[in-house]
Amino acid sequence: MLGIPEHQAHLGTVICAFHRAAHRRIPRLKRIKSSVDLGNCLTDWQIEYLELVIKDTHNLASEFDDYPEIQGIYTRIVKLYHDITERALMNERLAQKGVLH
């Protein structure tokens, strides 16, 4: 890998993923959660983003086994995902009944 020792490359992956999660994903997930908490249904873009986030989180989970201090951020992402999808499903059901617009 271009002369970079494997452990340094692994650490670089962990740092990059942590930064992306903390500074991009969690804030964006919070905005989506605020939207569904207000009774809005998910947009197609939001659904695609949620799929990307959960897939990426699942794929990277094993990378963080050696870094328990970082695992908390991924636990938070999974919880946000769960909260968003649970509320979004309720909003969709209410919208179908004509309760929400």
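A95 sits in helix α3, and that helix is a handy way into this predicted model. Two other helices matter here as well: α1, covering residues 6-37, and α2, covering residues 44-60.

**Helix α3 from end to end**
- A95 comes out as partly exposed, because its relative accessibility is 25%.
- Going from A95 back to L80 takes you 15 residues along the sequence and 22 Å through space, C-alpha to C-alpha.
- Buried positions in α3 are I70, I73, Y74, I77, L80, I84, A88 and N91.
- As background for reading that list, an α-helix has 3.6 residues a turn, so residues three or four places apart point the same way.
- Just past the end of α3, G98 adopts a positive phi of about 85°.

**How α2 packs on α3**
- Packed helix pairs in general are described by the angle between their axes and the distance between the axes.
- For α2 (residues 44-60) and α3 (residues 68-96), the axes come within 11 Å and cross at roughly 145°.
- The crossing of α2 past α3 is left-handed.
- On the α2 side the contact uses L50, V53, I54, T57 and L60, and these meet Y74, I77, V78, Y81, I84 and T85 of α3.
- Sorted by class, that contact holds 9 nonpolar residues, 2 polar ones and no charged ones.

**The nonpolar core**
- The largest nonpolar core counts 21 residues, and the ones with the most contacts inside it are L29, L42, F64, I70, Y74, I77 and I84.
- Helices α1, α2 and α3 are the elements that supply two or more residues to this core.
- Take I84, one of those with the most contacts inside the core: setting aside residues up to four places away in sequence, I84 touches L29, I32, K33, V36, L42 and L50.
- I84 is also part of the α2 contact, on the α3 side.

**Q46 and S35, a pair across α1 and α2**
- Q46 lies in α2, while S35 belongs to α1.
- Why does Q46 count as buried? Its relative accessible area is 11%, which puts Q46 under the 20% cut-off.
- S35 is buried too, because its relative accessibility is 16%.
- Beyond its neighbours within four places in sequence, Q46 is in contact with I32, S35 and C41.
- With residues up to four places away left out, S35 touches N40 and Q46.
- S35 and A61 are 26 residues apart along the chain, and their C-alpha atoms are separated by 27 Å.

**P27 in α1**
- There's a proline in this helix: P27 is found in α1, within residues 6-37.
- Is P27 buried or partly exposed? P27 counts as partly exposed, because its relative accessibility is 28%.
- Not counting residues up to four places away in sequence, P27 touches A21 and A22.

How values were computed:
Residues are numbered from 1 along each chain as its sequence is written. This is a predicted model: local features need pLDDT of at least 70, side-chain atom pairs count only at pLDDT 80 or more; totals for chains, interfaces and linings use all residues. Side-chain values use heavy atoms; hydrogens and water are left out. Helices (H or I, at least four residues) and strands (E, at least two) are DSSP runs, numbered from the N terminus. Buried means under 20% relative accessible area, exposed over 50%, partly exposed in between (1.4 Å probe, protein chains only). Contact means heavy atoms within 4.5 Å. Axes are lines fitted to C-alpha atoms, for helices over the stretch in contact, and angles run from 0 to 180 degrees between N-to-C directions. A crossing is left-handed if the near helix is turned anticlockwise from the far one by less than a right angle, and right-handed if clockwise. Ala, Val, Leu, Ile, Met, Phe, Trp, Tyr, Cys and Pro count as nonpolar, Asp, Glu, Lys and Arg as charged, and the others, Gly among them, as polar. A nonpolar core is a set of buried Ala, Val, Leu, Ile, Met, Phe, Trp, Tyr and Cys residues joined through side-chain atoms within 4.5 Å.
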